[in-house]
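User: I am new to protein structures and would like to learn how to read one feature at a time. Could you take me through it slowly?

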Amino acid sequence: MDLERAAETILAPPSAVTPEDRKAAEAIFTELKGALTIENAKAIMASSSHPFVLHQVGQTVGEFVLREWSLLEAAEVEAVYNMLIEFTATKENLPVYVVAEFLKSTAMIIKRGTLDKKSGDPERLYETIRGLLAQPDARMQAIGCQLISSLCEQFSSSWRNSKFSITWDFHIAAKAEFEKTGLRRLLEMAVSNLYNLVERSDILSNAFEKRFCEKFLEVAESAFSWNFSARIFRKLFSMNQNSTSFRPPKSWSDLLSNEAFFLVFFKLHAKCRSDESLSVHSLGCLVQLASLAGEVMTDEFAQHFVHIFSDNLLMLFPQGPAPHETDAFCTIIHRLFMYRPIQTLIRLPDELRVRFFTYISQFIEHLTGAALSDAIRISDHSKHAGLCQLYEAWAILLRGKWRAALEEEQKNAFEESMVVTPTWGIIGAFFNATQSAPMGSRPREEEGAGDADEDDDMKDDRVLYNDLLTPMGSMACYSVARFTETLTNLIRSRLVEFSAMAEGSADTSRLPEWQEDMHWLMLIAATSLVGEDMDGSCHVQVEVYDRSVKLCQERGGAFLPDSRDSFLRQCIEHPTAPRETAVGHVDPFLILVGELLAWSSLEHQLLSSASLSMISPELCRSTAFAMKRVLNATSTIPEPDDTEAVNYPLLPSRGPTAELIVNFVLTKTFTTLSKFSGEQKLCSDAVSMLESLVESHAATLAASPALFAALAEMDLARCPVRAQLMKVLVFIGAAANSDELRKNMFNQILEPLTARYGAVIGQHRAAPNTTQVDSDLIDLLQCFDGVAKASQPQSANTLFKVVEPVLETCPDLVRTSSSAAVVTAVLCLMQDVTTKVSIYIDQKEDSMKLYTCLLQTVDAYRSTHVQRFVGMSSDDEEKAADLVLFMDILSNVLSNDILESADDRQLTGSQVAMTSLEMLLCVMSESLLQHPEVALKFYRLLLYLVEFCPEALAFINDRLLNAMCECLKAGLTSKFGTEITSVCLEALAEVAGYFGAHRDKCTESLLGHFHEMLPMVFEACLENSAEASVFAEASSCLFALICFDKDYFNSFAHELLQRKANVKAAAKLGEAFSHLFPDGEPKMGRRERLQFRQRMEKFLGEIQGLLWLH
C-alpha cells in the first residue's frame, strides 16, 4: 500500500474500510515517522499532492530534525527550514492546515537553533519574511503572516519533550533570546502592515485584507500579552502567556515613544468595530496597551501616554461601547486605573480630565442599571463582569492617593465635582436598580428566567452579587453620612409600608415586590458599612468610627448611653412605633442598626403569630445574614488603650438592654428553627446569627433562661442544622468563663444527648438496620460531630470524654450497619475528631484509646465495606466521597505528632495506617484514581506513611510493597497531574532512603522496582527543570536512588550513551555525567542532596539538546 492509498484509507468513513485495513494504513505512517530522512521527504514532497501525506511529512521533518539535532551540521539545519518555507511558497493549492504544519515545523527548527545558532543568522529569516510580505501575491503575503504567527506561537510555548532532552530551561533561554530582537522585529512588521491597511483600505469590504488584518492583529496581541522573562526570576518563570499587563523592556522605549504607534490601533478599531470577530482582536490590543507598565513608563512618558490614551478612547467611543465591546471597554478602564499611579489621570489637562471622569461616572451609572436590570429580569449576567471591573476602578480612585497631585483649592473643587457627586450618583443608580417603583426601577423577574441547572450557590444573591456589593461598600464608606441616612430612611419607609399592609390598610398585592426590595436593602446593609475578616469575625468600617468621633467632637461630647439603650429597646419591643426623636440623640449608625433590629423584631412577631404568608424564607435569610454581620461588628470589644472608644457606635456589652438583645436573638433563632425546619439554608443563617454574639455575650447566653426554655421545646437531634447548632452551644459553654454555667450546660445539653445515644445504640444492637433506628443514629452522630468541631485547646480534653463513649461504639456500628449513610456519619465524626480534638489532647492514655478505636474501626470497615469500591467507576461520586473521608482520617492520624517515640508510632499510628493501606491497595485502580480528590488523598497518605512512620516499611509484606511501588510508578507518569508526581517523587525518595539505611530488609522485587523507576525519575528531572518545587523533589529522589545503587545508575548512563542518536555527543555527555559525582561514591545527607541538585542543574545545562532518551 503506497502513502496516498494509505492516506485515503485513514480518511475513509468507517463503513468504507475494514478496521484491519485502517490499522495497516496507520502503521505505514507510524513507520514513516521512524524511518524518514530529509532526502525521502524531498522525494515525497516532489511527487505527492495529497494533503494528508504532505501534512504528515511536514510534521515528521520537524521531529526528525529535533531528534537528529546533534548529528546535523548548521548548514543542513538551515537548508531544511528553507526547504520547508520554499515548498509552501512554490507549491500551489496547498490547504491552509498543511501550510500551517510546514511553518510550525519551520518555527520549531528555528527556535531549536536559537541558542547554538545552528539555524543560521536570524536576519536572513527576517529578510525572508519581509520579502514574502512585500509580494503583490496575496498567497505569499498570507504565508509570511502565517510564519510570523508560527514563530510567536513557538517562542511563547514549550514542548515538554524530554526524549530530545529539550527541557523547560531551554524554552526559557530561547524565549529570552527571542525577546532581545526577534519579538520586536515581528511586532514592527505587524504594526507597519496594519498602518498600511488603515491608511489605504476599508478592510471589511475586502475578504483577503480582513484575514490579513486579523493575522497581524493576532501577532500584535500576542506581543502585547507577552510574559517578558527578563522581569521574572528564572526558576519561577511560567510559560503561561495570559499576561495581565504589557511590560516591555526598556530597549522598546523608542518604539513606544512614537504617538503613531498607539494611534494605529485606535484608528483600526474605529474601522472594524462593526465586525465582532475582528474587533475582538483590535480590542484585545487596546486592552493590553491600557496595561502598559514597567521600565518604559517613566513619569514623563506615563503622563504623555495617559493623555493620548484617554483622549483617543473618548473619541473612539463618543456614545459609549456597543454591546459586544462593553466587556473589553470596561477592562480598558480598569487597567488605566490599575496599572499606573492614579495621579497620572488626575494631572490630565483640566478640560480632558473633566470630560474623562464625567464620561466614566455616567457610563458606570448607565451600566449599573442595564446590568442589574438584565440580571434580575432574565438572569442575563453578561454585563456583570464588566460592571464589576468599573466598580473596582472607581474604588481605586476613592482610596485618595490622587490628593497629592493637586493644590488645596483644586483638590477641594475636584473632589466635590469629580469624586463626591459622581460617587453618590453611582450609589443612587445601584439603589434605583435594586428597588421597585416608585422609589426605583427594578423590573420584575420574567417567568422561566432562572437556569434550572444553575448551581445553588450561584442562585444566592449574596454570592452572585458579592463582587458588586463589596466595592459598593467602599463607595458607601466614602459618602458614609449620606449613605447611612439614605439607607436608614429606605428601611424605615419600607417598614411603614409593610405595617400598613399587615394592618390591611394598604394593597397587599405589592407584597412580593416589597419583599424583594427589603431583601436588597438587607444585603446592602450587611456588606456596606461592616466588613468580614478572614476568620469570619466582623468589624465596623473605620470611616464609620471616624464619622462618629467627628460628630461627638462637634456636639461637645459622646452620645448618652441611656438614649441609645432607650432607642434600641423601643426598636425591639415596639418596632412600628415612631422613632424620629432619636435623631440628634443617638449615633446615626446606631439608628441604622436600630432600624434593622426593628425589622427583625417585626419579622419575628409575624413568625411567632404564624403569619407566614407575610414573610418569605429568602427575606428571612437576608435578615439573618445582615443581623449576624451587624451584631457581631457592633458587639466588638474595643482595645483598652483606645481613647476614642467611648465615641464608637457600639451596642451595650452589659446591662438590661444587652440582655434584651441577647434574649431577642436567642428567641428569634429558635423560632426560625421551629417554623422553617425545612429551609436548611435559613436555619444555618439563623444559627450563624446566634453565633455572632458568642464571643461578646457568652456568659449572658449561657445564663439566659430563654436558651434552656427553647432547648426544652425542641429536639436537638431533629434540628436540620444539628451539627452547626451543637457547635455553637459548645462554644457558648466554653466561652462562658464560669464553671457553674459550663456544668449547667453540660447537664442540660450534653448529658441527655449521651444518654439518648446509648439508648439508640441499644435499639440498634437489639434490631439492627431498622430504618427509624438508622435515622436516629445518623442524627445523633451528627450532633456529636458538632461537638467535635467545637474543640479548642482549653476544651479538647473535656470534649474527648464526651465523644469517647460514642467512638467506642463506632467499630461495632461500622461492622453491623448495612446503611451507607450511617457509615458516612461515622467517618465524618472520626474525621472531625482526628482533625479538631486529637491535636489538642495532652493525655497519652486518651490518645492510645483513640488509636485503638480507629484501628478497630478500620478493621471493621475493611471486612464489611471494602467490596463497595471494587470495580468502582470514575462517575461514582458518593463512594468516592466516603473514600476521601476515610483517607482524611488516616492522614490526620499520621500527621498529628502526639506520640513520643518511634516504637509508639509503630504500635499505634503506623499500625492504623498500614492496616488501612493494605485495604486501599486492594481496591485502588486507575478508574478510581480518575477522581482527582481520591488520587491526591491517596498519594498524600502514602507520603505521610513513609515520612512519619518509615519504620513501618520493615513490616510490609512483598505483595503490599509491590502494590505500593506500582501505584508510585503510575503517579510518576504525570497522568494524574504534576502535584501527584511531586508527592510520588517525595514518597519514593523516603522509601529509597529508608531501605538504603536498612539494606538487609530490601527484597529482590523492591530492588527491581527501584531499577524500573530510576529512568522515570531521571526523565522527571528533565521535564520539570523549570518548575522549582517538582524539580527539587525529582533531583532529591534521583539522588536517593543513586545512593541506593550507584552501579545501576552508571549502567543506565552507559546504555544511554550507546544509543545511535547519542553517539556523536557521547564524549561530552559522558563528561557531564561524570561531573554529577566528582568525589566518587555518593552519601545520603541534606548537604549532599542540595549539592547534587546544584550539580544536576548544571548537568541539564551542559546536555541541553544533546541527549536523546527514547
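This is a predicted model: local features need pLDDT of at least 70, side-chain atom pairs count only at pLDDT 80 or more; totals for chains, interfaces and linings use all residues.

User: How should I describe two helices that lie against each other, and what do helix 34 and helix 36 show?

Analyst: Two packed helices are described by the angle between their axes and by the distance between those axes. Here helix 34, which covers residues 739-766, and helix 36, which covers residues 796-816, have axes that come within 11 Å and cross at roughly 20°. Because angles under 35 degrees count as roughly parallel, helix 34 is described as roughly parallel to helix 36. The crossing of these two helices is left-handed.

User: Which residues make the contact between helix 34 and helix 36?

Analyst: On the side of helix 34 they include Phe 746, Leu 750, Thr 754 and Tyr 757, while helix 36 contributes, among others, Val 802, Val 806, Thr 809 and Leu 813. Sorted by class, this contact of helix 34 with helix 36 holds seven nonpolar, four polar and two charged residues.

User: At what angle does helix 34 cross helix 35?

Analyst: The axes of helix 34 and helix 35, the latter made of residues 771-789, cross at roughly 145° and come within 10 Å. This crossing, too, is described by its hand, and for helix 34 and helix 35 it is left-handed. Among the residues in contact are Leu 750, Thr 754, Tyr 757 and Ile 761 of helix 34, together with Leu 777, Leu 780, Leu 781 and Phe 784 of helix 35. The contact of helix 34 with helix 35 has 12 nonpolar, three polar and three charged residues.

User: How are helix 37 and helix 38 arranged, roughly parallel or roughly antiparallel?

Analyst: Helix 37 (residues 820-837) and helix 38 (residues 844-865) have axes that cross at roughly 150° and come within 12 Å, and the two helices are therefore roughly antiparallel to each other. Helix 37 passes helix 38 in a left-handed crossing. Their contact is made by residues including Val 823, Leu 827 and Met 830 of helix 37 and Leu 850, Cys 853 and Leu 854 of helix 38. By class, the contact of helix 37 with helix 38 has eight nonpolar residues and three polar ones, with no charged residues.

User: Let us turn to pockets. What is the volume of the largest pocket, and which residues lie nearest its centre?

Analyst: A pocket can be read through its volume and through the residues that line it. The largest pocket has a volume of about 850 Å³, and of the 30 residues lining it, Gly 536, Ser 537, Asn 632, Glu 691 and Glu 695 lie nearest its centre. Helix 28 gives the most to this lining, with five residues. The lining of the largest pocket divides by class into 11 nonpolar, 11 polar and eight charged residues.

User: How much space lies in the second largest pocket, and which helix gives the most to its lining?

Analyst: The second largest pocket holds about 590 Å³ of space. It is lined by 26 residues, and those closest to its centre are Arg 564, Tyr 648, Leu 650, Leu 651 and Pro 652. Helix 31 gives the most to the lining of the second largest pocket, with three residues, and the classes found in that lining are 15 nonpolar, seven polar and four charged.

User: Finally, what should I look for in the backbone itself?

Analyst: Most residues other than glycine have a negative phi, and most peptide bonds are trans. Asn 93, in the loop between helix 5 and helix 6, has a phi near 60°, which is a positive value in a residue other than glycine. The peptide bond from Ala 437 to Pro 438 is cis, with omega near 10°, and Pro 438 is found in the loop between helix 20 and helix 21.

Note on methods
Residues are numbered from 1 along each chain as its sequence is written. Side-chain values use heavy atoms; hydrogens and water are left out. Axes are lines fitted to C-alpha atoms, for helices over the stretch in contact, and angles run from 0 to 180 degrees between N-to-C directions. Helices (H or I, at least four residues) and strands (E, at least two) are DSSP runs, numbered from the N terminus. Angles under 35 degrees count as roughly parallel, over 145 as roughly antiparallel, 65 to 115 as roughly perpendicular and the rest as oblique. A crossing is left-handed if the near helix is turned anticlockwise from the far one by less than a right angle, and right-handed if clockwise. Contact means heavy atoms within 4.5 Å. Ala, Val, Leu, Ile, Met, Phe, Trp, Tyr, Cys and Pro count as nonpolar, Asp, Glu, Lys and Arg as charged, and the others, Gly among them, as polar. On a 1 Å grid over the protein atoms alone, a cavity is a set of points where a 1.4 Å probe fits but cannot get out, and a pocket is an open set with protein on both sides within 12 Å along at least five of seven lines; lining residues have an atom within 4 Å of a point. Grid points are joined across faces, edges and corners, and a volume is the space filled by probe spheres set on the points.
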